[in-house]
Amino acid sequence: MSNTNTNSKSNTATSFPEHGPLDENGKEILLSVKNVDITFGKKDNAVKAVQNASFDIYKGETFSLVGESGSGKTTVGRAVIRVNPLAGGEILYKGVRISGKIPRALDRKVIRNIQMVFQDPAASLNDRATVDYIISEGLYNFHLYTSKADRQQKVEKMISEVGLLPEHLTRYPHEFSGGQRQRIGIARAMVMEPELVVADEPISALDVSIRAQVLNLMKKFQREKGITYLFIAHDLSVVRFISDRIGVIYKGKIVEIAESEELFNFPLHPYTHSLISAIPIPDPKLEKNKVLYTYDSSIHDYSNEEPELVNIGHDHYVYGSKKEIEEYKAIRDKGEPVKSITIDFSGSKGINSVQETTASEDEIQLPPIHDTGSFLYKLLSFFLPILGLIAAFIFKRINHIRNYKACKGGAIAGLITFGVIVVLFLLLIVLAVV
């Protein structure tokens with residue numbers, strides 16, 4: 001969200017400037033969604049899928065849009081690539097309006113510069129086309145090659161960059177696994193050398209073991225090519241570690257925007273609080289006793305004044321009435337992280353009230369990024385069991401549950417092994433003496 005007054009260029013613009021406008025902090029705004037309304041149906045049957053949505057995406061960052069199914073996040077993503085028309089507001093790319101009627105030359109520039117990776121890798125690929133043609137289609141349409149050999153070289157280079165082999169180019173999509181098909185979809189987008197990629201839940205249809213590979217691949221392209229992502233997802237546990245900033249959308253309205261760690265440490269809007277509380281905890285005992293927070297939109301009273309999306313400081317935007325904004329700001333100004341997940345070991349599970357702000361010792365935040373349970377911890381604890389037990393105690397105190405279990409398991413195995421060795425050694429000495 002920027003306070004910069006950006007005048008969008010007229011409909012006669014046929015290209016984009018080299019750089020987009022800068023916000024008050026000097027960051028380049030690549031994409032700006034301003035007061036966007038998207039409606040499906042007409043008259044009495046009209047449904048507002050998105051209402052007054054506004055956010056900026058800075059060049060080179062990953063901006064994630066999260067929300068439950070039907071919240072309107074995919075609708076916004078499709079509006080960015082000009083599939084869904086707007087009922088109100090506008091979308092600017094580098095300060096140039098790309099929503100509504102625009103010249104054909106500018107439309108082609110949008111297609112070239114903004115690509116999309118779809119949720120279902122099977123449905124988004126043409127089963128009757130070879131992988132070679134699927135990746136080359138954009139090159140054909142925009143004549144982005146000088147010769148047949150040049151095109152072939154670009155395609156082979158891209159298929160290698162996504163972790164597949166050149167011999168895969170002659171095959172068809174149905175011959176690949178889900179993860180491989182998604183890699184083909186990423187290659188199809190990246191071969192166009194886009195500046196912005198709309199990734200619509202690109203890993204939700206994949207096995208858990210494959211998801212990390214696809215995410216790492218996307219981050220690799222971001223590092224090497226400076227690509228900007230609009231990452232659409234519903235899994236906040238994934239979004240936390242790949243996003244620079246996160247926007248939360250509820251029933252078509254943006255209710256909170258903040259940097260990733262800021263949002264998870266200070267989830268101020270009740271809906272954001274409920275999304276984070278629903279993230280599964282890897283430890284089954286903790287998950288079983290977790291207290292879910294359920295969001296009820298009726299807690300808000302907007303009868304006297306219209307709510308707004310307001311910056312409360314720390315580049316943190318929250319949607320609410322003036323009274324709510326003051327409350328959110330007071331919480332944030334305290335600087336004490338808001339506890340989003342509560343563990344109840346008393347045996348009585350209930351639903352938190354909206355006013356609950358106290359935290360018990362059993363409350364736990366999401367698993368830290370370094371809580372991996374690495375095999376190295378087990379190995380070191382096995383050979384140094386005393387140090388392993390000390391490390392396990394420390395990890396338990398800071399809620400690194402996986403590391404705690406790894407150190408504890410390795411230390412116990414090491415103690416048992418060394419104990420057996422000592423006993424055998426003593427028996428051999430006794431037998432030698434006798």
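Which residues of α9 are buried? I began with this helix and found that P270, Y271, T272, H273, S274, L275, I276 and S277 are buried. The model I consulted is a predicted one.

**Entry 1: helix α9**

I looked up the extent of the helix and read that α9 covers residues 270-277. Eight of its eight residues are buried, so I note the helix as largely enclosed by the rest of the structure. I then asked what the buried residues of α9 pack against. The partners are helices and strands: α7 (236-242), β9 (245-250), β10 (253-259), α8, β11 (290-291) and α11 (322-334).

**Entry 2: the chain as a whole**

I next turned to the totals. The protein chain holds 14 helices and 14 strands. Its C-alpha trace spans about 100 × 65 × 40 Å along the principal axes. I recorded that 46% of the 434 residues count as buried. The accessible surface comes to about 22,500 Å², and 55% of that surface belongs to carbon and sulfur atoms.

I also looked up the contacts in the chain with a separation of 6 or more, and residues 24 or more positions apart account for 67% of them. For charge, I found 51 positive and 51 negative side chains, with the centres of the two sets 5 Å apart.

I went to helix α8, residues 260-265, where E262 is found. Is E262 buried or exposed? Its relative accessible area is 11%, and the cut-off for buried is under 20%, so E262 is buried. Setting aside residues up to four places away in sequence, I find that E262 touches H314, H316 and R332.

I followed R332 further. This residue lies over the face of F266, at 3.8 Å from the ring centre. A second case of this kind is K220, whose charged end sits over the ring of F221, 4.7 Å from the ring's centre.

**Entry 3: aromatic pairs**

How many aromatic pairs does a search of the whole structure find? The search gives 11. One of them joins Y140 and Y145 edge-to-face, with 5.9 Å from centre to centre and 85 degrees between the planes.

I then examined the pair of Y377 and F395. The ring centres are 5.3 Å apart and the planes stand at 65 degrees, so this pair is edge-to-face. The pair links distant parts of the chain, for Y377 belongs to helix α12 (residues 375-383) and F395 to helix α13 (residues 385-397), 18 residues apart. With a relative accessible area of 29%, Y377 is partly exposed, whereas F395 is buried at 15%.

I returned to the tyrosines and noted that ring pairs link Y133, Y140 and Y145 into a cluster.

I looked up S71 and found it in the loop between β3 (62-66) and α1 (73-80). S71 is buried, with a relative accessible area of 1%. What is S71 in contact with, leaving aside its neighbours within four places in sequence? The contacts are A49, I249, Y250, K251 and G252. I also took the distance from S71 to K219: the two are 148 residues apart along the chain, and their C-alpha atoms are separated by 26 Å.

K101 lies in another loop, between β5 (96-97) and α2 (104-113). K101 is exposed, with a relative accessible area of 74%. From K101 to Y250 I note 149 residues in sequence and 28 Å in space, C-alpha to C-alpha.

**Entry 4: positive phi angles**

Last, I looked at backbone angles. N52 has a positive phi of about 50 degrees although it is not a glycine. I located N52 in strand β2, residues 47-58. K94, which is not a glycine either, has a positive phi of about 55 degrees. Where does K94 lie? Its place is the loop between β4 (88-93) and β5, and K94 is buried there with a relative accessible area of 6%.

Conventions:
Residues numbered from 1 in each chain as written. Predicted model: local features only at pLDDT ≥ 70, side-chain atom pairs only at ≥ 80, totals over all residues. Heavy atoms only, no water. Phe/Tyr/Trp six-rings, centres within 6.5 Å; stacked < 30°, edge-to-face > 60°. Helix = DSSP H or I, 4+ residues; strand = E, 2+ residues; numbered from the N terminus. Buried < 20%, exposed > 50% of the residue type's maximum accessible area, 1.4 Å probe, protein only. Lys NZ or Arg CZ within 6 Å of the ring centre and 35° of its normal. Contact = heavy atoms within 4.5 Å. Areas by Shrake-Rupley, 256 points an atom, 1.4 Å probe, with all protein chains shown as cover. Lys, Arg positive; Asp, Glu negative; His and termini not counted. Charge placed at Lys NZ, Arg CZ, Asp CG, Glu CD.
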